[in-house]
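Welcome! Take a moment to turn the structure around on your screen before you read on.

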Amino acid sequence: MDEFRPLVLAGPLPPGAVLAETLDGGQCFRWNRSDDQTWRGVSGACAAELRETADGVAARIRAGIARDLQWHLADDIDWRALADQLPWRTDAHLARCLTAFPGLRILRQPFGEALLGFVCSATKQVVQIKQMAELLAARFGRELAPGIRALPTWADLARVSESDLRACKLGFRARHVHAIAHRLAAEAGWLEATAVLPYEDAKAQLITLPGVGAKIADCVLLFGAGRLEAFPVDVWILRAMARHYQLDGWRAEQIAHFGRKHFGPLAGLAQQYLFAWERRQGRTVVMST
DNA sequence: AGGCAGGTGGCCA
DNA sequence: TGGCCACCTGCC
């Protein structure tokens with residue numbers, strides 16, 4: 001096992017609340033705080049530790065996987081410049097969100113891991129999804145370092161019984177994961193081929209998987225394939241659009257259409273800002289009651 | 001203590 | 001099409 005070595009990131013990764021929202025805001029499920037300034041996370045075969053310092057954010061990783069971490073953190077993209085391309089000049093609420101979470105990023109995840117994570121996400125809160133991911137990794141994932149395991153691949157999952165999946169707190173999602181694993185095992189290359197299809201085609205393909213509807217397909221494409229035009233509509237976004245865009249009573253599909261038109265080719269990034277804002281409001285309401 | 005949760009799919013008018 | 005409900009289970 002290689003030593004852990006310090007690494008300073010190329011791009012500015014804003015510490016504090018924005019970092020927390022980026023790593024633990026529900027776009028991926030395997031980053032956890034180990035203390036006030038330190039985060040530990042796993043993405044693919046990349047295990048890393050991030051530390052908030054006076055100068056910004058530094059990372060500790062095994063030698064040789066710096067590029068993997070930079071890829072996961074999407075460190076080659078200027079996220080502030082991207083956010084600046086959103087229509088905040090004519091959208092006061094969006095402008096407020098951008099100010100509240102400057103430098104928010106969409107992390108890159110392996111396509112298959114995003115699929116697993118978001119199939120597990122149906123009607124679950126982030127803490128519970130993270131528990132499922134942790135159990136799946138602990139029981140069925142490859143060991144990357146002592147005590148650190150990757151998520152199981154879909155090939156790994158094809159060898160796991162549905163009841164063993166239920167034992168990882170998946171509930172009715174276990175049936176979906178089980179069925180998807182067997183379908184992917186029967187159709188070699190399907191996942192890889194789907195990941196590189198044009199957005200609409202990829203989404204149409206993903207929706208044919210059991211337990212995958214429009215929302216989860218959009219999450220998989222946004223977080224697992226970098227399709228920033230994907231605009232996942234969940235209950236939070238439904239609430240946000242009703243509240244701030246006077247779209248009360250609109251159905252999810254209508255909201256998705258509105259979102260892609262209104263926010264444009266970076267709608268998925270806008271979605272992450274709206275989502276972050278709404279979550280913060282939600283927490284505040286809970287705390288004050 | 002019990003309702004509810006980053007949805008989906010199937011069934012009924 | 002559109003609305004309604006079951007599906008699992010463990011946190012807040």
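This short report looks at the overall fold, then a set of paired strands, and then the surface near the DNA.

## The overall fold

Keep in mind that this is a predicted model. Chain A contains 15 helices and seven strands. Its radius of gyration is 19 Å, close to the 19 Å that the globule rule gives for 289 residues, so chain A is as compact as a globular protein of that length. Along the principal axes, its C-alpha atoms fill a box of roughly 50 × 45 × 40 Å.

Of the 289 residues in chain A, 40% are buried.

## Two hairpins in a row

Now find strand β3 (residues 38-43) and strand β4 (residues 46-53), which pair in the antiparallel sense over six bridges. Arginine 40 has glutamate 49 in β4 as its bridge partner. Two residues lie between the strands of this hairpin, where glycine 44 takes a positive phi near 60 degrees.

β4 also pairs with strand β5 (residues 56-62), again antiparallel and over six bridges. This second pair is a hairpin too, with two residues between β4 and β5. Here threonine 53 stands opposite glycine 56 in β5.

## Around the DNA

Helices α12 (214-225), α13 (235-245) and α15 (267-288) each supply at least two of its residues. α12 gives the most, with three residues.

Key:
Residues are numbered from 1 along each chain as its sequence is written. Chains are lettered from A and ligands numbered from 1 in the order in which they are written. This is a predicted model: local features need pLDDT of at least 70, side-chain atom pairs count only at pLDDT 80 or more; totals for chains, interfaces and linings use all residues. Helices (H or I, at least four residues) and strands (E, at least two) are DSSP runs, numbered from the N terminus. The radius of gyration is taken over C-alpha atoms; the globule rule is 2.2 Å times the number of residues to the power 0.38. A residue is buried if 20 or more other C-beta atoms lie within 10 Å of its own, exposed if 12 or fewer, and partly exposed in between; C-beta atoms are placed from the backbone. Two strands pair if DSSP finds at least two bridges between them.
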